[in-house]
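Trainee: I am new to this structure and would like to learn how to read it. Can we go through it feature by feature?
Mentor: Gladly. Have the sequence and the model open.

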Amino acid sequence: MKCLAMKNIDWKERWRNITTNYSHWLSFILLMVVAIIVSPAFLSWNNLTNLFVQGAVVGICAMGMSLIISAGMIDLSVGSSVALLSGLGVMVLNATHSLALTVLFCMGGGLIVGLVNGLLVTKGRIAPFIVTLATMSAWRSVINQLGQGGPFTVNEAMYASFRNIAAGRLFGIPHLMIFFIVISFITAMLMSKTKFGTYVYAVGSNQQAARLSGINVNRVKTLIFVYAGALYGLAAFLLASRLTSIQAASAGSGYEMDAIAAVAIGGTSMDGGRGKILGTFLGVLMLRIINTVLIMANVPPFLNGLVTGVIIIVAVLAQSTKKGR
Amino acid sequence: MILEMKNIVKTFGPVQALKDVSFTAGRGEIHGLLGENGAGKTTLMNVLAGSFAPDSGSIVIDGSPVEGMTPRKAASLKIRFIHQELNLCNDLCVYQNMFLGEEYCAQGWKIDKKREVQHAQRVLDSMNSGILATTVVGELDTSQKQMVEIARALLFSSELIIMDEPTTALNNQEIMKLFTIMEKLKHQGVTFIYISHKMPELFHICDKYTVLRDGVFIQSGDIKDIDEHKATELLVGKRFVQAHIKDGIQAVITDEVVLKATALQGKSFRDISFSLHPGEIVVCTGLQGSGTDELATSLFGATQLHQGSIETKGGPLNLKDIRSVMRSGIAMIPRNRKERGIVPDLNIRTNKSLAFLVAKHTSFLVDQKREHARFEKSRKRMNIRVSSDRDPITSLSGGNQQKVILSRWLEIDADVYIMDNPTQGIDVGAKFAIYKLVVELAAEGKAVLVFTSEFPEIQQLADRCIVLYKGEVAAHLSRSEISEVAIMEYSTGTHKGSLQ
């Protein structure tokens with residue numbers, strides 16, 4: 001009897017370990033199974049790569065968001081930043097006819113956008129929620145003013161070569177998919193293999209202890225926003241390439257919500273301190289899978305948001321019960 | 001009110017905070033409750049005020065037992081507890097704070113602001129506080145806030161007022177003002193229980209006293225029957241002193257100066273100067289509110305100094321940047337491990353590496369194999385018991401967590417180790433391991449500055465002892481001068497004369 005009871009406990013412990021550490025894999029697999037049941041065609045190469053293609057731009061932003069949330073902060077300015085940088089990017093492309101200059105401009109501009117957020121949070125001592133609420137409003141307004149209601153459209157001269165960046169394929173793999181995977185990999189390495197990654201989690205977990213260990217908390221926070229900003233810049237460049245025409249008023253809108261949702265579903269703690277880059281990666285894909293399944297199952301598109309909302313709540317609820325153990 | 005607390009027992013987990021304590025206070029008396037930090041004074045009062053339920057024991061008020069005391073019940077029995085830390089909402093006005101939760105209402109729903117302001121002002125004026133009831137609390141200074149706390153207790157005719165270290169933020173003049181009010185209320189029949197570490201105050205205002213030590217009732221009586229010296233002895237008791245760690249390990253103290261602090265001034269201390277030498281262990285002690293907490297963090301650049309300078313071998317310290325303080329050869333083990341030490345979401349290995357990564361690690365990438373090897377070295381030196389260094393830090397016992405935090409700082413190989421209450425909340429075995437480590441560090445030629453208020457610790461470690469009282473150096477004792485009674489006398493201001 002005793003032996004049996006002990007075995008039982010061991011098993012429970014193991015199961016808890018699995019659900020704690022691999023919750024993102026469990027939910028990902030669950031969703032995949034549901035998708036395959038709804039439509040076996042889901043597993044086609046075309047459909048699978050499509051998930052990546054559709055998720056790439058938001059996904060790259062979500063990588064930046066992962067760092068921000070892991071450090072216990074938030075960024076609402078993702079969509080507006082992407083709109084600003086992609087609109088300006090198109091202008092630079094049309095003026096210079098240089099892809100290299102455009103991507104440099106977008107990412108450099110992203111650095112500055114991130115630096116503004118970071119300095120306002122650290123030097124200005126304003127809550128990240130408020131800072132990014134303000135920059136969200138400001139950047140959207142700037143790009144609307146520059147666009148004057150019309151779209152930013154890529155010139156004939158650069159159209160084909162610029163469009164090829166997002167639409168092209170390498171050995172049959174869409175470029176966007178490669179971009180997304182590479183950026184995710186770099187971010188994962190940054191967070192798991194470098195001092196900087198450790199500092200990010202330390203700041204999110206116990207800021208006081210991090211500071212007393214000599215970590216320059218303000219610099220870490222600023223650098224996080226700068227890194228995220230650079231990723232928004234890359235995302236903006238890819239978005240412009242994908243659409244070739246940027247609507248100032250609507251480009252990138254809702255990206256902040258999708259990015260936060262992906263991070264949350266991926267198992268990163270909203271209080272900071274614990275995060276999983278792989279989780280965010282899967283989170284981005286899960287959002288796309290949900291979308292695809294709903295279309296395949298002929299659910300009215302207006303209900304898409306409802307289902308996504310419910311899934312976010314369930315994912316975060318599952319996390320919070322784990323924490324309370 | 002006649003209060004009797006009988007055979008109160010209260011445990012927190014394995015710690016017995018109160019062991020069969022009885023306490024009595026009569027009508028219209030000021031009763032001093034004496035004891036060292038952690039003697040159980042505040043716990044006893046929390047039981048009385050209904051904040052903690054006792055494990056056993058009873059509370060009898062005016063002859064009738066009170067069952068299941070709660071804060072609300074305590075309030076209806078006209079018992080008021082003025083806590084040591086201020087419990088005021090900074091964004092509300094003085095009168096709003098005073099009436100919080102007990103507002104006057106007109107027509108049953110509308111706050112009767114006029115009546116509240118009038119009543120609050122009447123109480124504030126009766127105290128000669130000079131505070132306007134409509135001021136926003138955030139604009140008051142600390143001593144004024146303390147007056148508001150007291151005014152709040154006086155607002156409704158309380159019969160028993162508990163004051164836990166009410167004078168920490170007050171100057172002598174304000175203390176006298178407070179005492180005048182207390183005397184007046186005493187003659188109206190109000191009972192006070194007055195918790196304080198400061199002997200001159202206790203002997204000035206109290207009629208009776210009760211001494212607690214390690215959660216045990218020691219003695220009670222009229223305060224006129226004892227003097228400050230006797231009270232200190234009662235507080236301290238005669239403790240068994242363990243064998244000496246220092247005797248086994250010899251350290252050579254040289255004349256070189258590794259750290260020189262000159263005329264330091266902060267929010268809670270002033271005019272503090274001292275120097276540290278290699279091989280020396282200096283203990284800085286003081287009771288709660290004496291300024292030791294802030295001094296410890298100021299030396300490391302974690303709290304801003306108002307005045308003064310700190311020099312090391314390499315010249316004046318740049319206190320603006322903690323990393324540069326670390327690189328100048330100073331390490332600080334902070335107090336309160338949970339809040340300031342451990343990073344709960346990181347594993348044991350990373351927790352231990354944090355300071356090294358900041359101060360010594362040069363490459364961008366972190367090699368986990370090397371991290372593990374470094375951890376193994378620390379584990380052997382400190383005898384840390386872990387199954388895997390990738391387990392969460394929170395899976396360790398308090399003592400082992402503290403050893404990890406100490407290892408964090410040993411790795412940067414500093415010249416000066418500042419340890420702020422390094423044995424707080426850990427078991428005896430781990431304590432001794434840490435004492436031994438401190439002595440070994442000194443033998444290696446490090447200077448160690450330990451902040452602690454535990455006498456056994458002072459006796460085990462100190463070559464010299466700096467005692468603070470009210471933010472100033474009360475005494476600078478050499479090893480031969482250190483005794484528990486002497487330290488307690490200096491930290492309670494016994495030799496400071498009367499209040500006026």
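Mentor: We start with burial. A residue is buried if 20 or more other C-beta atoms lie within 10 Å of its own, exposed if 12 or fewer, and partly exposed in between. Keep in mind that this is a predicted model.

Trainee: Which residues of H13(B) are buried?
Mentor: They are Ile348(B), Arg349(B), Thr350(B), Asn351(B), Lys352(B), Ser353(B), Leu354(B), Ala355(B), Phe356(B), Leu357(B), Val358(B) and Ala359(B). That makes 12 of the 12 residues of H13(B), so the helix is largely enclosed by the rest of the structure.

Trainee: What covers the buried residues of H13(B)?
Mentor: The cover comes from both chains. It includes helix H9 (195–205) of chain A. From chain B it includes H11, helix H14 (368–382) and helix H15 (398–410).

Trainee: Now the contact between the chains. How many residues does each chain give?
Mentor: Chain B gives 24 residues and chain A gives 19. On the chain B side, helix H11 (322–327), helix H12 (337–341) and helix H13 (348–359) each supply at least two residues. H13(B) gives the most, with 6 residues. By type, the chain B side divides into 16 nonpolar, 3 polar and 5 charged residues.

Trainee: How do I judge the overall form of chain A?
Mentor: Compare its radius of gyration with that of a compact globule. For 325 residues such a globule would have a value near 20 Å; chain A has 21 Å, which agrees. The C-alpha trace of chain A spans about 80 × 55 × 35 Å along its principal axes. Its secondary structure comes to 14 helices and 4 strands. Of its 325 residues, 47% count as buried.

Trainee: And in chain A, what share of the contacts between residues at least 6 apart in sequence join residues at least 24 apart?
Mentor: The share is 78%.

Trainee: Which residues have the most contacts inside the largest nonpolar core?
Mentor: Ile60(A), Cys61(A), Val82(A), Leu231(A), Ala235(A), Ile418(B) and Val438(B) do, in a core of 236 residues. Helix H11 (residues 217–243) of chain A gives the most to this core, with 16 residues. Zoom in on Val82(A). Beyond four places in sequence, its partners include Cys61(A), Tyr232(A), Ala235(A) and Leu239(A).

Trainee: How do I read a sheet?
Mentor: Strands of a sheet pair through backbone hydrogen bonds, either parallel or antiparallel. Follow the strand order next. In chain B, an open sheet of 4 strands runs E14-E13-E16-E17 with antiparallel pairing. E14 and strand E17 (315–316) stand at the edges with a single partner strand each, so one side of each is left without a neighbour in the sheet. Inside the sheet, 5 bridges join E13(B) to strand E16 (residues 307–312) of chain B. Lys260(B) stands opposite Glu311(B) there.

Trainee: Where can I see a hairpin?
Mentor: Look at strand E21 (residues 464–469) and strand E22 (residues 472–478) of chain B, which run antiparallel and are joined by 6 bridges. Ile466(B) stands opposite His476(B). The hairpin has 2 residues between the strands, and Lys470(B) takes a positive phi near 50°.

Trainee: Is Arg270(B) buried or partly exposed?
Mentor: Count its neighbours. Arg270(B) has 17 other C-beta atoms within 10 Å, so it is partly exposed. Its place is the loop between strand E13 (259–265) and strand E14 (272–276) of chain B. Outside four places in sequence, Arg270(B) is in contact with Gln265(B), Gly471(B) and Glu472(B).

Trainee: What about Ala447(B), buried or exposed?
Mentor: Ala447(B) counts as buried, with 27 C-beta neighbours inside 10 Å. It lies in strand E20 (residues 447–451) of chain B. Now set sequence against space: Ala447(B) and Val257(B) are 190 residues apart in sequence and 9.4 Å apart in space, C-alpha to C-alpha. The contacts of Ala447(B) include Val258(B), Leu259(B), Leu276(B) and Asp415(B).

Definitions and conventions. Residues numbered from 1 in each chain as written. Chains lettered and ligands numbered in written order. Predicted model: local features only at pLDDT ≥ 70, side-chain atom pairs only at ≥ 80, totals over all residues. Rg over C-alpha atoms; globule rule 2.2 N^0.38 Å. Contact = placed C-beta atoms within 7 Å. Nonpolar A, V, L, I, M, F, W, Y, C, P; charged D, E, K, R; others polar. Core = buried A, V, L, I, M, F, W, Y, C linked by C-beta atoms within 7 Å. Pairing = 2+ DSSP bridges.
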